[in-house]
Amino acid sequence: MKADISELPMSTCDKPMPLGHCLAQWARNYGDRIALINETGQCLSYAQLHDRVEHIASGLHAAGLRAGDHAMVHMPNTFGFFYSFFALLRVGVIPVMAMPNQREQDIDALMALAQPTAYFIPDDVGEHDYLTLAQRMQARHESLRLVVMDGDVEHETRNVQILTALKGSACPWPEQDGRDTAVLLLSGGTTGMPKLIPRTHGDYFYNFTASARLCGFDREMVFLAVLPAAHNFTLASPGVLGTFQCGGTVVTSVSASCDEAMPLIEKYKVTHVALVPPLAKLWVEGREWEDSDLSSLKLIQVGGARLEAGLARQLVDVIGCKLQQVFGMAEGLLCYTRLDDPLNTIIQTQGRPLSPKDEVRIVDEDDHDVPEGQAGQLLTRGPYTIRGYFRAPVQNASSFTEDGFYRSGDLVRRDANGNLIVEGRIKEQINRCGEKISTAEIEEAISLLHGVHVAAAVGVPDELLGERICVFIKPEGSQTIDPLHIKTALREGGLSDYKVPDQIETIFEWPLTAAKKVDKRRLVAVALQRASVSP
Ligand code: J2J
């Protein structure tokens, strides 16, 4: 079932269009204005970006990609990311947005689900060899006919095409309507299986356009993309797409480190940036960049994980620009504090829904609405919220109510002004630096390792990460588990680095709840206690 996007409150200059048409429209509207700047100072105007993308789209069409195909984009924040993303949309191919820090296990599982025709990779980044991974994926996934690399022509082989060298005659315009899937986003895991979120042209266009209006984006703005552009927050809330819609400039940074970000802010007079709380914390606590001139900043958005009120206040005091909290989910619903909200609302709450048509229910364990002001699970339905995951009937039965509300798994309450406050979550997930990790997935990966009898993963409050991954392992014998050995084995097995546990503890006896289940709350307490006494 598709979400209803008709009659959304849009201004006349934001007439909805399929995403593959947006870039041409922006090039018409904003021509020579700068669309993109990368960290080495290279610039692209809207017209230049559009030109390159048309070339690449023709090349992809000539290489056999067709509207409706899937293609996985696995790229950091480079020009290549934007070329690939827009060229795919232009052909009508559906991009599957992998995160740059995902590794073999994740990519393999996503490919099995999405069956992409093409895989877009960067040249070597850091220590990771994407080409070898791509070759392994080609050997395993029959659907994968084309690997496109954003790199030097010398890497070109029969199986690997180079992004900027793609050529072809003009690419036909695909036939699409607002209800067709435009992009497949990654869902934060709650099970051992990956899930993909089908966002439509209509709902996604609304997502970034209405968000851009709400957040006061305009053509003078400069948005710094430090978090991965493949993530819904950076991509479309309002993010880079919202910036382009208004004719602003996006500065891209492959790394999120302050050493890179601060000089970029100063040099390009960045006005807007989106951060997760652990990164925001580094921004306010870092003394080394006290000398950087951040006076161009007008708005810092923070979302993806709980922002402590103390840190929120510090951000306002230290950076001295406006703050906005964003409570969003790739499944749809976006809540924002408003720019003109009282400071207390901005500091204490996670804002209210973007659309007047967003429906929010706060319910108890039996799906009954809780009394106003009390905490319960957030259920939501609305014009840009999905009604089901991609090819996941079993998961959909538990993630959505019969009348189409998405069960967010978040525990929230609503204040008298309709602002939501996120109190916690009931889903079995760890939020590490804003990245969502399923405890079931970690437990499964570890239980397959030699010497492990059973494992239980919990998220433990952490100064630096927000939450760290702690795994308790009951060994098969009486030997204590060697954490280093476990970490190495997980990495060698292709587990993405950010999912490798930060803390590993041996346990011989599980604390149990009254219902005789492993008591994860007590495990969190044990994890904190053991960390505090360990050298
Ligand atoms: C507490 N928890 C939050 C917040 C998200 C904008 C911003 C964030 C995301 C995102 C996004 C939170 N306080 N401010 O897609 O467009 C947790 C909740 C939520 C889950 C969704 C966007 N903001 N969360 O984080 O799909 O648990 O989207 O259900 O990655 O992150 O994760 P994700």
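This is a predicted model: local features need pLDDT of at least 70, side-chain atom pairs count only at pLDDT 80 or more; totals for chains, interfaces and linings use all residues.
1. The ligand shell. The ligand is surrounded by 21 residues. The closest are Asn 232, Ser 237, Gly 303, Gly 328 and Ala 330. Sorted by class, the shell holds eight nonpolar, nine polar and four charged residues.

2. Where the shell comes from. Two or more residues each are given by helix H7 (232–236), strand S14 (322–328), strand S19 (406–414) and strand S20 (420–425). Strand S14 gives the most, with four residues.

3. Strand S10. Is strand S10 (residues 222–225) covered on both faces, or on one? Both faces are covered. Val 222 and Leu 224 lie on one side, Phe 223 and Ala 225 lie on the other, and all of these are buried.

4. Partners of S10. Strand S10 runs parallel to strand S11 (residues 249–252), and four bridges join them. In this pair, Phe 223 stands opposite Val 250. Strand S10 also pairs with strand S12 (residues 272–275), again in the parallel sense, over two bridges. Here Leu 224 is opposite Val 273.

5. The open sheet. Three strands in the order S23-S24-S25 make up an open sheet with mixed pairing. Strand S23 (452–462) and strand S25 (503–506) are its edge strands, and each pairs on one side only. From one strand to the next, the twist averages 25°.

6. The S23 and S24 pair. Strand S23 and strand S24 (residues 466–475) run antiparallel and are joined by 10 bridges. Which residue in S24 stands opposite Pro 461? That residue is Glu 467.

Notes
Residues are numbered from 1 along each chain as its sequence is written. Two strands pair if DSSP finds at least two bridges between them. Axes are lines fitted to C-alpha atoms, for helices over the stretch in contact, and angles run from 0 to 180 degrees between N-to-C directions. A residue is near a molecule or strand if its C-beta atom, placed from the backbone, lies within 6 Å of it. Ala, Val, Leu, Ile, Met, Phe, Trp, Tyr, Cys and Pro count as nonpolar, Asp, Glu, Lys and Arg as charged, and the others, Gly among them, as polar. A residue is buried if 20 or more other C-beta atoms lie within 10 Å of its own, exposed if 12 or fewer, and partly exposed in between; C-beta atoms are placed from the backbone.
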